[in-house]
Amino acid sequence: MHFFSLRAPFFQLLRLFIIASFLLRILLLFHPITQSHFNFGDYFSIFFFGFCNDILVFYVVSGFLWMYLLTLTHSKFNKPKGYIILGVLIALLIYIASGQSILSEYGGSLPEIGLAFIGLKTLLFALLFILPQYRMRIRFWLYSFTIFLFVLLIIQNTISEFFFWNEFGVRYNFIAVDYLIYTNEVIGNIMESYPVIPLFSGVGIVVLLTTYYIVKQTKGYLEALPNFKTKLLSGGVYLGGFALVLFLLPIGATLENSSNVFTNELQANGLYKFYGAFMKSELDFKKFYKTLPNQEALALIQQQINSFQPGHFHKIQSDAPEKRKNVVLITIESYSADFMKHYGNTQNITPFLDDLCEKSMFFTNLYAVGNRTVRGLESVTLCLPPSPGESVVKRKDNKNKFSTGSVFASKGYAVKYLYGGDAYFDNMDDFFKGNGYEIIDKKTFQPNEISFSNIWGVCDEDMAKKAITLMNAEAKSGTPFFNHWMTVSNHRPFTYPEGKIDIDSHSKSREGGVKYTDFALHQFFKMAQQQSWFKNTVFVIVADHCASSSGKTELPLHKYRIPAMIYAPGFITPQKVNKLVSQIDLMPTLFGLLDFDYESKFLGQDVFSSSYKERALIATYQDLGLIKNHRLTIISPKQKVQQFDLKIHPTAGIPLAFQENFEEIPVHKVDAKLVKETIAYYQITANLLENKQYQKKGLK
């Protein structure tokens, strides 16, 4: 039977893949997170080009199927050929098991993987060779199992893409690559977030029924295996097609060029997007983005930071004596501004922070730099604009950077990073240890210190109690402390101790996660107020990023607006700061309030400095934006530039300072000066990191 015939497994699995991909597009198109309107051209792109993308991707993935089918032959079991093949397999198995193979030189899990693969191959070949009377039956079950695996992968990937869209509103991206690495947290998250038994049972039934149908339709392939000539011809055709597909796939990706982001995402194939994310965890700014002559870019940055020189420190001096107060920085997981009543929320899910912001210096118009926790941590630690590709936190060159922690350490502070989960996740342990922080995470907890935990770590109340204990010990030592606490409870699966708030913990709702974190922060501050060190401590509270970042434009502004406040009764005068502020400015502003004299490399600034010019920086992994003068400028790979006027659509009853519903209107005439300033921020940042010019004092 011919490899490409309608009754061959290749065609049947291709049909399954196309049907699954089509149904997935329908589901994603009508998903509540897909907040967009589509015209006829959009629908054509989504379904026609999407169909073409699916065929091309399957053709590549089916290479594994083709190699398997190619090995199906009767002749290899003829004597003496069968003895020779079996002998070679046994010899190869002994070679790998000896520990002296080339796999052992590479180390890791490769020897075990190789041993398992060759061992299984040897065992199966031996059975088929020694038991010819059962050969057809054994081969049939092996063939059925192979088809089962392909069907399982197709259906499981379809379901995974749906849940990924449900969480992030996009196809697979760098986050999915991270999830492949941190399988324990991800699988645990799924187990705790969704009804896995009914879900997996349903998936199992569908996979088994589909496998049965395909095996029944294609079992004739086993009964009349193609001869060598037919295989050679089919193989030649397949390899020629494979080369053509590799040429066409990148071209198909260039057709994802709609101004509507959802159209591009729905048109794409998730597996190809995953491959692209895996291969491009870092982007070469000079290669992919519009650039300026370095001196011109530097001059633009110097208009805002007068004494800035790449790789050199510039002096920050105050006219007043330094205030050596303890500092507690709390970054809150996935905390959008629109959770708070000031921004129009009527659910009363942040009662404590709603009250605390009235007693604090409240930054009403502050924007997160990105849409991942590592971006938020990077921004408040390095006070540096985001760079294209992966966060510095996740990169190999992430140590000994000039940072918030290094400033405090230079002043004699004890510097710690507090995280209720395992800090190895997202490379936090490597990053913070490599930058001089002591790590306090779940591994440091005693069993009696944990009242509740889920896959992400101990609940925020437990971390709050741990933090109080640590700070009491630090206060007794007489050394001022800087503690950076990253919360975890406001994260899917949104589980928390029962009976703490008026939202059932079993509801697993984001509103419950938000309100519980607010409750835990309230408990922390009630305990802190009773401690001797409280009056000499400044608390900085800011979200790491918003709860969601999906929108019909590349950088939807309302998905980057986050709450931020500085609280210190008797020291910080309660006020609302309505200036446009970036997340990278928060800690330099704190240093200004503390009247710190220090040598800086920060591109973030004290917003109360006379030289500060309002602007905010927001980005995804590829799209890099600058908000300034009521315009949003975006630079993207392939030297793409976009600019939008920001028009407020006011929501009744909300003060102007808290309005966040902006329409992004494409401009007819681009402001070249803003484009250059946008390029300058990101180009200088990329250069600093590439040239290792952002190291702390004494290191190059």
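Colleague: Which residue of β9 is the bridge partner of T331?

Modeller: In general, strands of a sheet pair through backbone hydrogen bonds, in either a parallel or an antiparallel sense. In this predicted model, T331 has M486 in β9 as its bridge partner. Five bridges join β2 (residues 326-332) to β9 (residues 481-486), and these two strands run parallel.

Colleague: In what order do the strands of the open sheet stand?

Modeller: The sheet has eight strands, in the order β6-β5-β9-β2-β10-β11-β3-β12, and its pairing is mixed. The strands β6 (438-440) and β12 (575-577) each have a single partner, so one side of each is left without a neighbour in the sheet. On average, neighbouring strands are turned by 15° against each other, direction ignored.

Colleague: Which strands does helix α18 touch?

Modeller: Helix α18 (residues 373-382) packs on the sheet through β2, β5 (414-419), β9 and β10 (537-543), and its direction makes about 165° with that of β9. Helix α21 (residues 460-477) lies across β2, β5, β6 and β9, running at about 175° to β9.

Colleague: Which residues of the largest nonpolar core touch the most other members?

Modeller: They are L353, F363, F408, F524, F525 and I566, in a core of 128 residues. Helix α24 (residues 672-690) gives the most to this core, with nine residues. Leaving aside residues up to four places away in sequence, F363 touches Y343, A564, M565, I566, V577, V581, L586, T589 and V607. A second, separate core of 32 residues includes A20, V151, V203 and V215.

Colleague: Are the faces of β17 buried or exposed?

Modeller: Both faces are covered: R631, T633 and I635 on one side, and L632, I634 and S636 on the other, are all buried. Strand β17 (residues 631-636) pairs with β16 (residues 624-628) in the antiparallel sense over five bridges, and six bridges join β17 to β18 (residues 640-648), also antiparallel. R631 is the bridge partner of K628, and D645 in β18 is a bridge partner of R631.

Colleague: Where do the hairpins take a positive phi?

Modeller: Between β16 and β17, a hairpin with two residues between the strands, N629 has a positive phi near 55°. Between β17 and β18, with three residues between the strands, K638 has a positive phi near 65°.

How values were computed: Residues numbered from 1 in each chain as written. Predicted model: local features only at pLDDT ≥ 70, side-chain atom pairs only at ≥ 80, totals over all residues. Heavy atoms only, no water. Core = buried A, V, L, I, M, F, W, Y, C linked by side-chain atoms within 4.5 Å. Buried < 20%, exposed > 50% of the residue type's maximum accessible area, 1.4 Å probe, protein only. Helix = DSSP H or I, 4+ residues; strand = E, 2+ residues; numbered from the N terminus. Contact = heavy atoms within 4.5 Å. Pairing = 2+ DSSP bridges. Axes fitted to C-alpha atoms, helices over the stretch in contact; angles between N-to-C directions.
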